[in-house]
Amino acid sequence: MLAMSALSGCAIADKASSWLRGGSAGGRDDATVIGAPDAATYLAELHELAVGDVHQQADIYGDASSSVLLTPGPSSSLRLGLVLATPGHAASDPVRAQAVLREVLADEELLTRDEIALATIHLASAERLAGAVAETDRVRDASTRAARSEEQALSRRLASAEAENRRLRQDLAEAEQKLEAITSIERSIREQP
C-alpha cells in the first residue's frame, strides 16, 4: 500500500507540475485522473493476490479494505472490488464484489479508461462466479435434502423391520410355549397306564 501511495503521490506531483507549466491537467481524453493508479499497479497487486501465500493474501485484502475507509474514493473502492472479485483466497466474495464494482462504475467520470475496463471485466467475472456459487449452493442444498429424505426413509424402513422382528420373536415364543405344552401333554399321555 505504501508503494501504491508513493506512486500515486508522484503521479499527482507530475500532473500538477505539468498543469502549472501550461500542459494538460489530464482528463477523459488522455485517460488521466489525478491520483489514479495505472492499470499495471492494479494488475501487479492482483498477481500477488493470486500467487501469494495466505498471509500475503490477507495483507492485501486488509490493506484494500482499510484504504476504502482511510482514503475513500473510486480508486480505493475499485481496488477493494478487484480484490473481492479475485477467486482463490479467503476474502474472495463475488456477491460483495458485484456491489462494490457496480458502485464504482456508477461514477465512471472519476475513473480512467483502464480502471473502467478493469472494473467491467471483473464485474462480469464476479457475476459469473456468484452465479456458479449460487448454483453450487442450490445443488448442495438439494443433495442434502435428498440425503436427509433418504435417511428418514431408511430410518422408517429400519423401524418397521425392527417392529416386524419383535412381532416374529413374540410369535416364535408363543409357538415354543404351545409346543412345550403339547410335548408336556404327550408325555403325560404316554406315562398313563
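User: Which residues does Leu78 touch, not counting residues up to four places away in sequence?

Analyst: A contact just means heavy atoms within 4.5 Å. By that rule, Leu78 touches Tyr42, Leu101, Val104, Glu115 and Ala119. Keep in mind that this is a predicted model, where local features need pLDDT of at least 70, side-chain atom pairs count only at pLDDT 80 or more, and totals for chains, interfaces and linings use all residues. Residues are numbered from 1 along each chain as its sequence is written, and side-chain values use heavy atoms, with hydrogens and water left out.

User: How many helices and strands does the protein chain have?

Analyst: Helices (H or I, at least four residues) and strands (E, at least two) are DSSP runs, numbered from the N terminus. Here you get six helices and zero strands, so the order is simply α-α-α-α-α-α.

User: What is a nonpolar core, and which residues touch the most other members here?

Analyst: Think of a set of buried Ala, Val, Leu, Ile, Met, Phe, Trp, Tyr and Cys residues joined through side-chain atoms within 4.5 Å. Buried is under 20% relative accessible area, exposed is over 50%, and partly exposed is in between (1.4 Å probe, protein chains only). The largest core has 23 residues, and Leu78, Leu82, Leu101 and Leu105 touch the most other members. Helices α2 (39-51), α3, α4, α5 (94-106) and α6 (113-191) each supply at least two residues of this core, with the largest share, six residues, coming from α4.

User: Is Ser77 buried or exposed?

Analyst: Ser77 counts as buried because its relative accessible area is 17%. This serine sits in helix α4 and touches Val68, Val100 and Val104, leaving aside residues up to four places away in sequence. Across the protein chain, buried residues make up 25% of the 193 residues.

User: At what angle do the axes of α3 and α4 cross?

Analyst: Axes are lines fitted to C-alpha atoms, for helices over the stretch in contact, and angles run from 0 to 180 degrees between N-to-C directions. The axes of α3 (residues 54-70) and α4 (residues 74-85) come within 8 Å and cross at roughly 150°. Residues making the contact include Ile60, Tyr61 and Val68 of α3 and Ser77, Leu80 and Leu84 of α4.

User: What classes of residue make up that contact?

Analyst: Ala, Val, Leu, Ile, Met, Phe, Trp, Tyr, Cys and Pro count as nonpolar, Asp, Glu, Lys and Arg as charged, and the others, Gly among them, as polar. The contact of α3 with α4 has seven nonpolar, four polar and two charged residues.
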